[in-house]
Amino acid sequence: MVMLVWLFLLPHVAGEARTVKCPVSDPVPVPHEWYQSGDLLVGGIASQIMYTLQEISFETNPLQDMFEVPDMVTKFYQHSLTLAFAVNEINENPRILPNFTLGFHTYDSYYDERMTYRTILDMLFTPHRFAPNYKCDTQKKLTSIIGGLSFKVSFRMADILRIYKIPQVTYGSFAPDDKGTAESTSFFRMAPNEAHQYTGIIQLLLHFGWTWIGLLAVDDESGEHFLKTMEPLLSKNGICLALTGMVPNRSDWSTLDDINGLLSKIYLPFMDRKASTFILYGESRTIVRLITLMYVGDPRYKENVSYRKVWIITAQIDFTLTGIQKGCDFHFFHGAISFTIHANELPGFQKFLQILKPCYTQEDHFLKEFWEQAFDCLCPNPRIPVDAIDKCTGEEMLESLPEPIFEMHITGHSYSIYNAVYAIAHALHAMHSAGSNLRAMGDVQRSPFQDFQPWQLHPFLHGISFNNSAGELISFNDNREMESEFDIMNLVTFPNKSYLRVKVGSVSPNSRNGNTFVIQEDIIVWQRTLNQKKKKEGAKFCCYDCAPCPSGKISNQKGMDYCFECPEDQYSSKDHNQCISKTISFLSYGEPLGTILALVAISFSIVTALILGTFIKHKDTAIIRANNRDITYTLLISLLLCFLSSLLFLGQPKKVSCFLQQSAFGIIFSVAVSCVLGKTVTVVVAFMATKPGSRMRKWVGKGLANSIVLSCSLIQVGICTVWLGTSPPYLEFDMQSMPEEIIAECNEGPVMFYIILGYMGLLSIISLFVAFFARKLPDSFNEAKFITFSMLMFCSVWFCFIPAYVGTKGKYMVAVEIFSISASTAGLLACIFFPKCYIILLRPELNKREQLIRRMDTRK
């Protein structure tokens, strides 16, 4: 077997028989390794770096031409770190292997069968000198090897290791029925039997009633085994298999025919609307290849509701990205349910990760590759100048990396590696203890490790039983498989390309309470509402009656398991078979309601301007001079602006209009109400000043009224300034309130608008009370009676405004405010100024000083 592997790796060399010498050069170099010396050595084969390896032609020496730029699955660097963490932890524990140090030697499989053979031979024999089956000048005691992650790597390792009976402890989850490994006493599994995962998937499907599904599996022996195993299980449990597909286990798609063939196998099955639940089986790179194929088939696949499925992901698949795939994300799989190898947080593990730096150890050849690809920087190299911008500072933090690049929490595979190292250490400790007991009886004179052979460890490793640092029992069953469980996780993705995996259940074949399947569906985050089909009574389980989709959801084909929710800016058609874009709704000038409100505001503005002109023309008449001419002009101008301010609310809202609407309305109305209050107070003060010896005479004049108008208006200006300076109104599109419309509106916030309205209401109530008590004072031109009626109308309008404003939505809410502005302003204008205009224009004989004195004498 070893000679066959040698021939597989190297070109055939013909020559004379001679004594074999260890070669100085290495014809097939191993680019990466991590070595830590020790009395006893644990080997490790990780799977974290990929090369596009060229086919060997057996015509030229491959040498360095085999390797190009590496692409690293940075997340899997945690596997190597976990092995180092466990070894260091054991060396610091005086109760395990006292007086012995444990070391490790880690290589990479490079996801290639040839390089797996190559690294195993390098680990077993002379490092960096390719001489299979010869040990040249090496004293390392290799006890066992941990690896690999995938189906192919593990079994290629086993091809060689079972020849030398070296214990192999795998940490991946894959098909369990390989006959060669089943009969081998050196093959151990840290992952639970995959058959338990199959049972868990069936229980999950039955629990949620998903009886029409699709299967996607990686295109290799493990994928074929999965399909052959699952198909009869599904049929036995009454679950319809709508389709099956194979995800390619290669990435070198060089021809158009290759791509078209792959699309027909992967992309086209998604067009089958019958299956809305998909089970994906494969290895670490399967999910990224699936995303790639989906993108090639339809670059907008994420937005197409037809492709949204309920995903069930098996334990061997991890949500990982390589250094050159950082642009990808897993939002397509939001809400997926994934099975993972059980894991528990380890004390001190995160602290161990936090001290990791680019120069943490010179023996780790993986670290530089990891750091550069994870953080997009270049480590300093004296021979190659590096720009300061691209240079790694060493201050980068692993916590800042998104989960697809690196996880700070220990994963199921890393947890299996940790337990594997401790299992080997406990087995070595048990072997050492057994030898010590024999030496105490005088049967053995030398240390059991002096002439150590790896096969001697088999019975001790098979019989270990201990509690790890997380308090969980670790032991192998009769099939040399770990007695463990699968966790059921729910994938929750975020816009920054990170994700969170939440544990929602478990599959525990050895549960003490007999409940082997546990699921907490109330905490699962779904992508959409499930189960839109009704089962037909008396028919087969695959037959259903279709129920109509609810509002806002569609189904573009009959027989769908689910209805797809329309995007926020669209609504479902009458037949619920397509999404229609919503129209933007606002109160425009062109529609009848907007036209009427605009004409009313403009008409009253013209009337107000005519009244102002009339008052200016007759400014020297008695009726105008008697009621504070300046305040009257200010009041008319503010009423004119009130009518015009309502036009700010018409038309499509803009940033500027939102900024001005409520603040302009509040300030202008406050000026108007302040003028009314000033005029009323002036009447009261003037009457009180006529009494003999009254001290109110010093307040008689324009100064008091002007002070009231100015001070009351400035308070409102201050409120509006604080509002606009802290949290000003902004343009907002409300997509939820109306089913078929997007409401374009100005969001004023929950507080400040009502403070402005409340202050205006306070001024109005004060004016109403003062005017009410002054309405019967003896004055020929007493305005208090008219002000009382105007403020009564004003307050009535705005008290009715609040419930009407809160109870309406969209453009009708704007119409309510415009109507309230116009109605209240018109009330002030009509009640205060129409009687005066009547006297000025129609009864000029009453607008004389003599008439004023005669009427005052009559009242007295």
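**Questions about a predicted model**

User: What is the relative accessible area of Ile765?
Analyst: Happy to start there, with the reminder that this is a predicted model. Ile765 lies in helix H19. Buried would need under 20% and exposed over 50%. Ile765 counts as partly exposed because its relative accessible area is 32%.

User: Which helix gives the most to the nonpolar patch?
Analyst: The patch covers about 560 Å² of surface and is made by Ile765, Phe769, Phe772, Phe773 and Phe799. Of these residues, Ile765 is one that lies in helix H19. With 4 residues, spanning a helix that runs over 752-773, the most is given by H19.

User: How many of the residues of strand S11 are buried?
Analyst: Look at both faces of S11: Thr277, Ile279 and Tyr281 are buried on one side, and Phe278 and Leu280 are buried on the other. S11 (residues 277-281) is largely enclosed by the rest of the structure, because the number buried is 5 of the 5.

User: Which residue in S12 stands opposite Thr277?
Analyst: S11 has a parallel partner in strand S9 (residues 212-218), joined by 5 bridges, and there Ile213 has Thr277 as its bridge partner. S11 also runs parallel to strand S12 (residues 310-313), with 4 bridges between them. In S12, the residue opposite Thr277 is Val310.

User: Which strands stand at the edges of the open sheet of 6 strands?
Analyst: The strand order is S1-S5-S2-S6-S7-S8, with mixed pairing. A strand at the edge has a single partner strand, so one of its sides is left without a neighbour in the sheet. Neighbouring strands here are turned by 20° against each other on average, ignoring direction. The edge strands are S1 (34-36) and S8 (187-189).

User: What angle does the direction of helix H4 make with that of S7?
Analyst: S7 (residues 168-170) pairs with S8 in the parallel sense over 3 bridges, and Val169 stands opposite Phe188 in S8. Helix H4 (residues 151-164) packs on this sheet, touching S2, S6, S7 and S8. The angle between the directions of H4 and S7 is about 175°.

Key:
Residues are numbered from 1 along each chain as its sequence is written. This is a predicted model: local features need pLDDT of at least 70, side-chain atom pairs count only at pLDDT 80 or more; totals for chains, interfaces and linings use all residues. Side-chain values use heavy atoms; hydrogens and water are left out. Patches are made of residues with over 30% relative accessible area and no salt bridge: like charges are joined within 9 Å, nonpolar side chains (Val, Leu, Ile, Met, Phe, Trp, Tyr) within 5 Å. Accessible areas come from the Shrake-Rupley method with a 1.4 Å probe; for residues, only the protein chains shown count as cover. A salt bridge is a side-chain nitrogen of Lys or Arg within 4 Å of a carboxyl oxygen of Asp or Glu. Helices (H or I, at least four residues) and strands (E, at least two) are DSSP runs, numbered from the N terminus. Buried means under 20% relative accessible area, exposed over 50%, partly exposed in between (1.4 Å probe, protein chains only). Two strands pair if DSSP finds at least two bridges between them. Axes are lines fitted to C-alpha atoms, for helices over the stretch in contact, and angles run from 0 to 180 degrees between N-to-C directions. Contact means heavy atoms within 4.5 Å.
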